[in-house]
Amino acid sequence: MAGELEGRVSIVTGGGSGMGRATSLLLAREGAAVTIADVNDEGGEQTAAQIEDLGGEALFVHTDVSSEQDVVNAVARTANRFGKLDSMVTAAGISYAKYVEGDDDTDPFLHPEAGASLNKPTEEWQKVIDVNLTGAMLCAREAARQMVNEGHGGTIVNFASILAYNPPPTLMDYCVSKVGVVMLTRCFAVEFGPHGIRVNAVAPGPIETPMLARVSRASGGSSQGGNLPLQRTAQPEEVAEVVLFFTSDRSSYVTGKTLGVDGGTNTI
Ligand SMILES: NC(=O)c1ccc[n+]([C@@H]2O[C@H](COP(=O)([O-])OP(=O)(O)OC[C@H]3O[C@@H](n4cnc5c(N)ncnc54)[C@H](O)[C@@H]3O)[C@@H](O)[C@H]2O)c1
């Protein structure tokens, strides 16, 4: 497809839902061939089908981002299918350990006591760190290895969160993982810059995805965005636009930055 990313190849983790899906569709509309890497087979295949319906090229690869073997496989299959790799977007994430399973008993929004650090089993902390932080590291590193071998540079865009800076009382593991993503972004920007690889991150505020829907369900549907300067939540497409900026040549002199896409959080 013709567009700003014509001829480019991207991988989007977490592309089976929410902001990962919106990003996959936008990158494809701008001409990129997109691999969707997700544990959610149904959602991932749906996103791939939506891209093909638009006339784009897509591949779904079942991938657990916390598994190094899965991540290596996703990058290798992308390079085999599309011939190269230009960009990696690490949108896969969980807000609590059993998020993918949809386990209500350990949902910290429904049961704040389950999210309290004093009660939380260590393996639940480990799971969140494994997916959100180690997963982003594995994906970014494997993408960079591929890009360095190909010798043409590239871009990596990570997903942090405003909660990296503003911790609520029951999401300690999530907040620590996301502030880790902020520093990972800076570290890899420093390391990979000499190879022409730019590394940036978005830090979304309350975005209307299945992840936020769980928060809204617990709070009786009350809006999360009312106290922000822009006084609203946002759509996943509004974050995808910023990911496109970091992925495209429009941000050619920007690296190591985490940009809040957050309705003005902390401005007042
Ligand atoms: N929605 C928000 O308000 C919000 C705010 C700030 C940051 N974020 C972050 O943005 C990113 C996207 O979140 P979203 O709101 O679109 O959520 P979402 O639940 O709609 O999508 C997350 C996707 O990640 C996938 N995933 C989960 N664990 C995985 C794993 N181990 N391997 C591969 N895929 C996995 C899920 O299957 C799902 O498709 C996440 O990193 C999240 O932490 C979300």
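This is a predicted model: local features need pLDDT of at least 70, side-chain atom pairs count only at pLDDT 80 or more; totals for chains, interfaces and linings use all residues.

Student: How many residues surround the ligand?

Tutor: The closest are Ser17, Asp38, Tyr99, Tyr174 and Thr209. The shell around the ligand divides into 17 nonpolar, ten polar and three charged residues. The number of residues that surround the ligand is 30.

Student: How far is a polar side-chain atom of Thr209 from an oxygen atom of the ligand?

Tutor: A polar contact needs a pair of N or O atoms within 3.5 Å. Asp38 places a polar side-chain atom 2.7 Å from an oxygen atom of the ligand, and a polar backbone atom of Thr63 is 3.3 Å from a nitrogen atom of the ligand. For the polar side-chain atom of Thr209 and an oxygen atom of the ligand, the distance is 2.5 Å.

Student: What share of the ligand's accessible area does the protein cover?

Tutor: On its own, the ligand has 830 Å² of accessible area. Of that area, the protein covers 95%.

Student: Which elements give two or more residues to the shell around the ligand?

Tutor: The shell holds 30 residues. The elements that supply two or more of them are α1 (18-29), α6 (172-192) and α7 (210-218).

Student: Where do the buried residues of α2 fall, seen down the axis of the helix?

Tutor: Buried means under 20% relative accessible area, and in α2 this applies to Gly43, Gly44, Thr47, Ala48 and Ile51. An α-helix has 3.6 residues a turn, so residues three or four places apart point the same way. The exposed residues Glu42 and Asp53 are on the face of α2 turned away from its buried side. Seen down the axis of α2, the buried residues line one face of the helix, because they fall within an arc of 135°.

Student: Is Ala58 buried or exposed?

Tutor: Ala58 lies in strand β3 (residues 58-62). Its C-alpha atom is separated by 5.6 Å from that of Thr35, 23 residues apart along the chain. The relative accessible area of Ala58 is 3%, so Ala58 is buried.

Student: Which residue just after α7 takes a positive phi?

Tutor: Within α7, the buried residues are Leu212, Arg214, Val215 and Ser216. Just after α7, the residue with a positive phi of about 70° is Gly220.

How values were computed: Residues are numbered from 1 along each chain as its sequence is written. Side-chain values use heavy atoms; hydrogens and water are left out. A residue is near a molecule or strand if one of its heavy atoms lies within 4 Å of it. A polar contact is a pair of N or O atoms within 3.5 Å; within protein, one must be able to donate a hydrogen and the other to accept it, and residues adjacent in sequence count only if both atoms are side-chain atoms. Accessible areas come from the Shrake-Rupley method with a 1.4 Å probe; for residues, only the protein chains shown count as cover. Helices (H or I, at least four residues) and strands (E, at least two) are DSSP runs, numbered from the N terminus. Ala, Val, Leu, Ile, Met, Phe, Trp, Tyr, Cys and Pro count as nonpolar, Asp, Glu, Lys and Arg as charged, and the others, Gly among them, as polar. Buried means under 20% relative accessible area, exposed over 50%, partly exposed in between (1.4 Å probe, protein chains only). The arc is that of the directions from the helix axis to the C-beta atoms.
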